[in-house]
Amino acid sequence: MDADRGGFAVRCLVSGVMCQVSRAACHRARAVLLVAVMLGGQAFGEEVAGGGAPEVIKTKSGVEVVRLPAGWFEMGSAKGAAAEKPVHKVWVDAFLMDRYEVTQELYGKLVLGNPSHFKGPNLPMEQVSWARAAVYCNERSRAEGLQACYDEDTAECNFGANGYRLPTEAEWEYACRAGTKGQYPFEGGAAKLHDYAWCAANAVGTTHPVAGKKPNPWGLFDMLGNVAEWCNDAYGEDYYHESPARNPRGAEFGDNHVLRGGSWNAEPDACRCAYRLGDDSGFQDACYAKDDIGFRCVRSAAGTAAASR
Ligand SMILES: [Ca+2]
């Protein structure tokens, strides 16, 4: 472990706030990734989502993950911003997703240094850049004897590896919706958001311990609110116009990565299933992300039935 390790040729200088990385390397990684997408796209059968709460599994490192079935869903919102349109059908393969945002306690077991503004073992990590989040994914993979997904020189994600990575944007929205089709994954709309999320109206200006609110129908906590969550995808405002139907993996190029779910300081509109935005990935400008940005991990469910129990 390395206290200053932000990963991917990220170099934190003395002040701990400036980083550098090769933009060309990032773009090369994206080009390689595109080839991987073209060669990939295999499905694990035409499983249909639904049929009760998915199975919760505790991993070797003691993290609760939820096994989400493969399935089709309608991604985006006809009522949202232009970047959320058009609504389009998307297939995602089965995957395992963290039941909670990554906490400071979990992060601290694997990666030295805690950049979070609001400190507490059960609080979600924040001020964590995309690059640092991906390094955590790699460290957790190694701790569980799994293959690291991220090339720490190029930021390329190997989707064929069996370890942890950040969710694709499609996986994140699929998990957030949990089989629902509305603006929020519960009855009552924005008026009921306070039951499920820490947002500007109830968070009192800070993050809160994970799982303090009700889970979504698939047993995932804090998908909306608390900290906004990094996705693996580069952010493309027009990406939905070109997104493939099966396992989309984001824009080919982009200096920002996708954030989802809204946060403790977000208005209800930013805490919708389909709301999307991009923010600086932390490669070039700053080691620390904002104090409302965190993450959770996923891994492919292929071949995990016996190994994860
Ligand atoms: Ca969240």
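**Group meeting: a walk through one predicted chain**

Helix α3 is mostly covered, with 12 of its 14 residues buried. Buried here means that 20 or more other C-beta atoms lie within 10 Å of the residue's own; exposed means 12 or fewer, partly exposed is in between, and C-beta atoms are placed from the backbone. Helices (H or I, at least four residues) and strands (E, at least two) are DSSP runs, numbered from the N terminus.

Before going on, two remarks on what we are looking at. This is a predicted model, in which local features need pLDDT of at least 70 and side-chain atom pairs count only at pLDDT 80 or more, while totals for chains, interfaces and linings use all residues. Residues are numbered from 1 along each chain as its sequence is written.

The overall count, then. The protein chain has 5 helices and 10 strands. Of its 309 residues, 50% are buried. Two residues are in contact if their C-beta atoms, placed from the backbone, lie within 7 Å. Taking contacts between residues at least 6 apart in sequence, 68% join residues at least 24 apart.

Back to α3. The helix has 14 residues and reaches 20 Å from its first C-alpha to its last, close to the 20 Å expected at 1.5 Å a residue. That expected span is 1.5 Å times one less than the number of residues. Among the buried residues of α3 are Trp 130, Ala 133, Ala 134, Tyr 136 and Cys 137. What covers them? The cover of the buried residues of α3 includes α2, β6 and β7. After the helix comes Gly 145, with a positive phi near 70 degrees.

Next, the core. A nonpolar core is a set of buried Ala, Val, Leu, Ile, Met, Phe, Trp, Tyr and Cys residues joined through C-beta atoms within 7 Å. The largest one has 76 residues, and those touching the most other members are Met 97, Ala 133, Ala 134, Cys 137, Leu 166, Ala 175 and Trp 230. Helix α3, residues 130-143, gives the most to this core, with 7 residues. Take Leu 166: leaving out residues up to four places away in sequence, it touches Ala 133, Ala 134, Cys 137, Trp 230, Cys 231, Asn 232, Phe 295 and Cys 297.

Now the sheets. Strands of a sheet pair through backbone hydrogen bonds, either parallel or antiparallel. Here, two strands count as paired if DSSP finds at least two bridges between them.

Strands β6 (residues 228-234) and β7 (residues 256-260) run antiparallel and are joined by 3 bridges. In that pair, Glu 229 stands opposite Arg 260 in β7. On to β7 and β8, which pair in the antiparallel sense over 5 bridges, with Val 258 opposite Gly 278 in β8. Strand β7 has 4 of its 5 residues buried, so it is largely enclosed by the rest of the structure.

Axes are lines fitted to C-alpha atoms, for helices over the stretch in contact, and angles run from 0 to 180 degrees between N-to-C directions. Just after α4, Ala 178 takes a positive phi of about 50 degrees.

The other open sheet I want to show has 4 strands in the order β1-β2-β5-β10, with antiparallel pairing. Strands β1 (56-58) and β10 (298-300) are the edges, each pairing on one side only. Neighbouring strands of this sheet are turned by 30 degrees against each other on average, direction ignored. Between β1 and β2 (residues 64-68) there are 3 bridges, and Lys 58 has Glu 64 in β2 as its bridge partner.

Where is Phe 118 placed? Its place is the loop between α2 (104-110) and α3. Phe 118 counts as partly exposed because it has 17 C-beta neighbours inside 10 Å. Apart from residues up to four places away in sequence, Phe 118 touches Leu 123, Glu 126, Thr 206, Thr 207 and Asp 291. Phe 118 and Asp 291 are 173 residues apart in sequence, and 7.8 Å apart in space, C-alpha to C-alpha.
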